[in-house]
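I opened my notebook on this structure today. I wanted to see how its chains meet, and then to look at one residue away from that question.

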Amino acid sequence: MQQTADRTVAGQSADPVLSIRSLSVTFVGSGKPIPAVRGVDLDVFENEVLGIVGESGSGKSVTALAAAGLLPGSARIEGSIVLAGRNVVTADADDLRRMRGQDIGVVFQDPSTTLNPLLPVGRQIVEGEVAHGRLAPVAGHARAVELLREVDIADPENRARQFPFQFSGGMRQRAVIAMAMAGRPKVIIADEPTTALDVTVQAQVLALLALRQKETGAAVVLITHDLGVVAEVAHRVAVMYGGRIVETGAVRDIFAHPRHPYTAALLRSAPRIDVTGDRLDPIPGQPPTPTDMPAGCAFHPRCAVSAGRERCRTEAPPLRPVGAQIAACHFAEETTVASAGIPASARTPL
Amino acid sequence: MIGFVIRRLLHLIPVLIAASALIFFMMYAVPGGPVAVLVGENATPEQIAEATRQFGLDKPVVLQYVEWLWRALNGDLGVSLHSRVPVLQLIGERLPATLQLAATATVIGLALGIPMALVSALAQGSWLDRVLSGWSALALGVPTFWVGILLILLFAVELRLLPAASTYVPFWEAPWQMLRATILPALTLGLYVSGIFARFLRGSLIAELNADYVRTARSKGLTEGAIVARHVMRNAMLPFVTIVGIMLAGFIGGAVVTEAVFTYPGLGRLVIQAISSRDYPLIQGSILVILAIYILINLLVDVLYVYIDPRIDFG
Amino acid sequence: MIGSLEAATHIAARVAARPAALAALVFLGALTLLATFAGALGLDPLEQDIVRMLEGPSRDYPFGTDELGRDILARVIFGARTSLATAAGAVLLAAAIGVPIGLVAGFFGGWRDAVLMRVVDLLLALPGIMMALALIAVLGRSQAAALVAVGITGVPTFARVARAQVLSLRRRDFVTAVEAFGATSSYSMFRTILPNSWSPILTQMVVLSSVAILLEAALSFLGVGIPPPTPSWGEMLRTGKEYLHDAPTFAVLPGLALTLTILAFDTLGRALSTVLEGRDTVVPARGNQP
Amino acid sequence: MRAVDGVSLRVARGETLGLVGESGCGKTTTGRAIMGLVASTGGSIRFDGQEIRGLSRNDMRGVRRRMQYVFQDPYSSLNPMLSVGDAIAEPLRIHGLYDEMGGDRWIAQLFDMVGLSSSVAHRRPREFSGGQKQRIGIARALSLKPGLLILDEPVASLDVSIQAQIVNLLQDLQRELSLAYLFIAHDLSVVKHISDRVAVMYLGRIVEEAGKSDLYAAPTHPYTQALLSAVPVVDAATQGRGPRIVLQGEIPNPSAPPSGCHFHPRCFRATERCSVEAPAFGLVAGTRTEAACHHPGPGP
């Protein structure tokens with residue numbers, strides 16, 4: 001996938017297609033309630049790829065599944081999620097169902113389990129469209145073939161009749177992308193879509209996802225733990241930690257000038273193929289678990305900037321504009337380029 | 001398809017041979033050996049010698065087995081020691097009764113069990129689920145012979161609506177009478193098996209409802225009804241078909257107790273009679289037939305699998 | 001092993017937190033106590049009161065009397081002793097034979113697995129009651145024969161559970177790790193795999209207890225189980241069935257005791273399965289249809 | 001099925017050899033074959049100059065003392081029934097060396113070496129996070145003072161911020177104890193960071209092996225080139241990126257690999273010869289790199 005260095009943040013002036021305000025998600029079960037998401041605000045605009053990055057337990061997947069209305073019954077959801085003018089949180093089951101397919105589509109992580117093993121792939125791809133009455137059952141096969149062709153699957157005529165076990169991992173994920181896009185949705189949630197794939201296949205699938213996004217003008221919310229994937233595919237990024245967004249802005253700005261100490265530390269700690277260095281710079285300690293969240297800023301026990309600062313331990317920092325982006329740190333101005341950036345001399349050409 | 005069935009049948013040959021050997025040599029484990037069984041404990045030496053020769057017991061054991069097996073393959077399972085009637089004929093008289101009872105009971109079990117499992121799985125954790133789960137625990141836990149006795153007490157002794165002893169009436173000859181004659185044992189077995197069906201299917205339905213592909217189907221905007229009908233049911237049916245097959249096979253010959261409660265003339269009671277009178281050719285013959293039927297039902301289940309699951313091909 | 005007692009207490013507490021399981025535990029506890037101290041209660045299951053045969057419940061005989069004028073309550077309580085003891089023996093026998101078979105088959109694989117599992121499949125092919133009947137035909141009728149017959153029918157279940165457990169554990173890295181350290185096969189099998197297999201085996205033992213009680217009662221009901229005059233629930237049902245017109249409680253009350261005991265074991269087994277393995281879909285693996 | 005075919009590797013004392021490849025390439029099987037955990041059907045494995053393939057069970061026990069394995073999944077590699085202290089001591093007990101190696105003092109020292117307090121020794125594995133469990137797994141592997149550690153994807157299941165901690169720990173331990181590492185991974189960035197030399201596997205064969213800087217700067221095998229180019233890089237955000245080699249198709253089924261060079265159906269340089277003749281593994285002219293390719297050379 002070739003990208004020009006000059007990527008504009010698209011559509012910022014228009015209304016967002018997906019707008020999340022003060023979203024909190026708590027899972028209640030037999031044990032202690034688990035607050036997985038603790039106050040998230042997020043806008044997604046048409047014709048852009050928004051990356052959400054974070055480690056396990058950061059709440060990135062829960063946020064995205066909440067937007068698609070796919071959380072299990074044990075989830076208590078507060079706040080609002082407005083998708084194409086309708087609030088997902090308060091919508092009833094029928095409204096929600098009608099929004100799926102045409103307003104929102106989902107690509108899941110593990111393509112080996114997201115398809116029903118007993119039904120032909122083609123039928124599964126157009127099933128939603130047929131169920132919504134947007135496609136006549138007799139036209140199903142032809143439409144499935146067309147969709148498979150759009151995601152570069154060779155011999156779509158026969159492939160549509162085959163079953164998932166006859167597809168390779170990458171082909172299954174292409175089929176899932178075709179399925180998510182079958183109803184031309186305004187927003188596509190891609191939850192770790194390439195984590196289960198090999199790196200050469202990941203490259204194919206990411207390229208395809210970016211191409212289909214550009215062709216359809218849909219908004220894509222890409223959830224991943226891989227900073228490299230965000231850097232290559234996303235236009236904007238939201239970094240999540242401990243159930244909150246700690247920093248958000250254009251990918252270029254954030255990767256060049258991270259303002260939140262967590263973002264900076266994450267960029268420094270990851271081993272990189274394009275950089276030669278002797279020693280990694282790890283983040284000390286563990287990511288917090290939702291049931292055991294530190295008071296104040298959730299990152300303070302692992303943060304170098306917060307050392308000895310009372311305010312970080314007691315007061316949760318709000319998101320505020322810092323430089324070109326928005327960050328949630330009381331001392332965001334202290335996170336400098338030098339502490340985060342990689343010296344150009346260390347870069348090795350590929 | 002035919003090739004598949006033939007291959008499966010070929011695989012079953014060693015199983016049948018091993019089983020038949022086991023059944024045959026069982027007789028030699030009896031104290032006193034097979035001769036004692038044939039002539040009784042107080043026989044004279046002449047009687048023993050006569051029986052030994054007559055039944056070929058003076059030949060090597062392996063040869064006896066091979067001869068027995070060869071005759072069995074040719075449809076000759078010997079003669080009942082007790083009634084001197086060919087074993088195959090005795091079994092032939094009882095088999096239709098057993099098959100009819102087993103089929104009726106399975107139909108009752110499915111008619112009760114499948115809806116119960118569906119309601120339970122879709123309303124998981126609700127009071128309705130708890131009531132139905134309790135009911136299925138009761139249905140599969142309460143001994144069938146006690147249920148049978150209670151049913152007799154209610155319908156035969158108190159209400160005098162139905163006969164206490166059931167008889168075999170072929171369905172195609174007199175369907176209404178057949179129902180009257182068979183309903184109590186069929187209901188007894190049907191209730192029991194509905195508990196097994198409901199509990200098992202509920203479990204696999206719940207497992208399937210939590211599968212990733214169901215979340216995918218929801219993300220496409222399918223109704224819950226369509227998800228259950230088109231996606232979940234089919235996947236949950238795979239293990240369920242096996243259980244139905246096992247239960248159906250179990251009723252052929254395994255419904256001994258229920259047949260005894262209602263004095264129903266089935267295969268199970270034939271075996272009981274054979275065992276209590278130590279009628280070894282009859283025991284061997286009926287167990288062999290029961291095994292053969294079990295194996296056939298398993299084959300049927302395998303064939304059904306091929307139709308439900310595209311991952312298994314005929315090859 | 002440090003903390004096993006602690007773990008056992010923890011599991012017991014979690015099982016007891018489920019009301020149905022608690023009720024089952026209390027019932028089985030009371031029944032065991034009654035059965036153990038039945039003699040000390042002054043009850044006699046064999047004493048005949050020949051002027052009072054086939055009576056309904058009364059002040060003297062709360063459960064009534066049987067066709068020989070014996071106290072049905074006493075016989076039900078002594079029947080519990082027969083039933084529980086036979087079932088316990090049978091389940092232990094089944095586990096003692098079945099678990100090693102499954103362990104060996106799963107651990108060594110290859111021809112051992114093929115041969116052992118073929119035999120197990122063969123045993124599974126016959127309905128449980130049919131196999132028990134055939135064994136009794138060979139062994140003759142006695143309480144020991146009933147125990148062995150019921151026990152042998154449980155062997156395939158334990159073999160399968162143990163084998164499945166070994167196979168799933170062998171895929172886990174900590175078992176491979178022990179091999180990588182240079183441990184012997186017996187070390188991996190008895191020190192690593194077996195201690196990690198007790199929960200499904202224990203669950204299966206409780207579940208199979210209900211099957212064993214049912215099967216023993218069925219054999220006695222058919223007249224080939226525990227020989228009279230030893231009191232057994234199945235035998236009482238068999239006789240009681242002949243007097244449904246005159247003394248309906250004769251068949252009904254022993255049947256109730258039997259049913260409650262079976263349900264209690266079943267409930268307990270499911271609770272254990274939920275607590276230990278996180279799923280509650282235990283279907284008695286051995287078709288027990290009488 | 002032939003999972004690994006004619007693989008040759010050398011690891012020198014105190015050195016890290018990275019073994020990279022995608023799923024089904026046989027890298028884990030290679031590691032396990034060296035440990036004798038899977039049977040190998042041919043070839044030679046020499047350890048400290050001694051041939052260990054075909055050793056008796058007893059002799060192999062001795063070898064296993066000096067070579068240990070660290071597993072990918074810290075959740076499944078620790079016995080849930082043992083306390084972590086017992087887990088670390090288990091290899092010592094199996095070899096009957098617990099007291100000889102220093103008993104409790106040595107165990108406490110091992111906890112210290114991997115950055116944990118020995119006061120947690122009585123706890124069960126479930127009380128630890130993934131990163132901590134991996135530290136325990138490393139301490140366990142070190143308990144017999146081995147010379148070689150086979151590390152099978154030791155950081156793949158850890159969060160990014162924890163991966164760096166473990167990588168640094170492994171580097172420190174290697175320096176202190178002059179350990180040799182065979183580091184098996186699919187993540188080219190981690191491998192680049194920790195290795196001295198790197199070998200790339202594809203469908204059961206080594207396709208290229210070189211010193212780290214040569215391999216990453218000037219790969220000669222088309223597969224290595226594609227693999228390196230496929231890795232998403234953070235700098236793309238600010239610098240953009242050059243042309244990428246996107247391979248066609250996917251990794252074939254390892255049980256039925258293609259004829260000739262296994263990579264030829266996906267290769268952008270394949271010729272007639274590649275589909276017929278398997279290329280020999282050898283030094284590429286004018287480089288210090290060894291590769292198995294009929295048409296080695298700089299990228300497209």
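**Where chain C meets chain B**

I began with salt bridges, and the rule finds 1 across the interface of chain C and chain B. I note that this is a predicted model.

Next I looked up polar contacts. Between chain C and chain B I found 3 residue pairs, both residues of each pair at pLDDT 80 or more.

Which helices of chain C each supply at least two residues to the side that touches chain B? I listed α4 (110-125), α5 (128-139), α9 (198-221), α10 (233-241) and α11 (248-277). Of these, α11(C) gives the most, with 11 residues. I sorted that side of chain C by class: 29 residues are nonpolar, 6 polar and 5 charged.

Then I took the totals. I have 40 residues of chain C in contact with 51 residues of chain B. The two chains bury about 4,000 Å² between them. Carbon and sulfur atoms hold 78% of that area.

**A look at C:Arg75**

I turned to C:Arg75, which lies in helix α3 (residues 72-108) of chain C. Is C:Arg75 buried or exposed? I count C:Arg75 as buried, because its relative accessibility is 4%, and the cut-off for buried is under 20%.

I also checked what C:Arg75 touches, leaving aside neighbours within four places in sequence. My list has C:Pro45, C:Leu46, C:Asp66, C:Arg70, C:Pro229, C:Thr230, C:Pro231 and C:Met236.

Conventions:
Residues are numbered from 1 along each chain as its sequence is written. Chains are lettered from A and ligands numbered from 1 in the order in which they are written. This is a predicted model: local features need pLDDT of at least 70, side-chain atom pairs count only at pLDDT 80 or more; totals for chains, interfaces and linings use all residues. Side-chain values use heavy atoms; hydrogens and water are left out. Contact means heavy atoms within 4.5 Å. Buried area is the accessible area (1.4 Å probe) that two parts lose on being put together, summed over both. A salt bridge is a side-chain nitrogen of Lys or Arg within 4 Å of a carboxyl oxygen of Asp or Glu. A polar contact is a pair of N or O atoms within 3.5 Å; within protein, one must be able to donate a hydrogen and the other to accept it, and residues adjacent in sequence count only if both atoms are side-chain atoms. Helices (H or I, at least four residues) and strands (E, at least two) are DSSP runs, numbered from the N terminus. Ala, Val, Leu, Ile, Met, Phe, Trp, Tyr, Cys and Pro count as nonpolar, Asp, Glu, Lys and Arg as charged, and the others, Gly among them, as polar. Buried means under 20% relative accessible area, exposed over 50%, partly exposed in between (1.4 Å probe, protein chains only).
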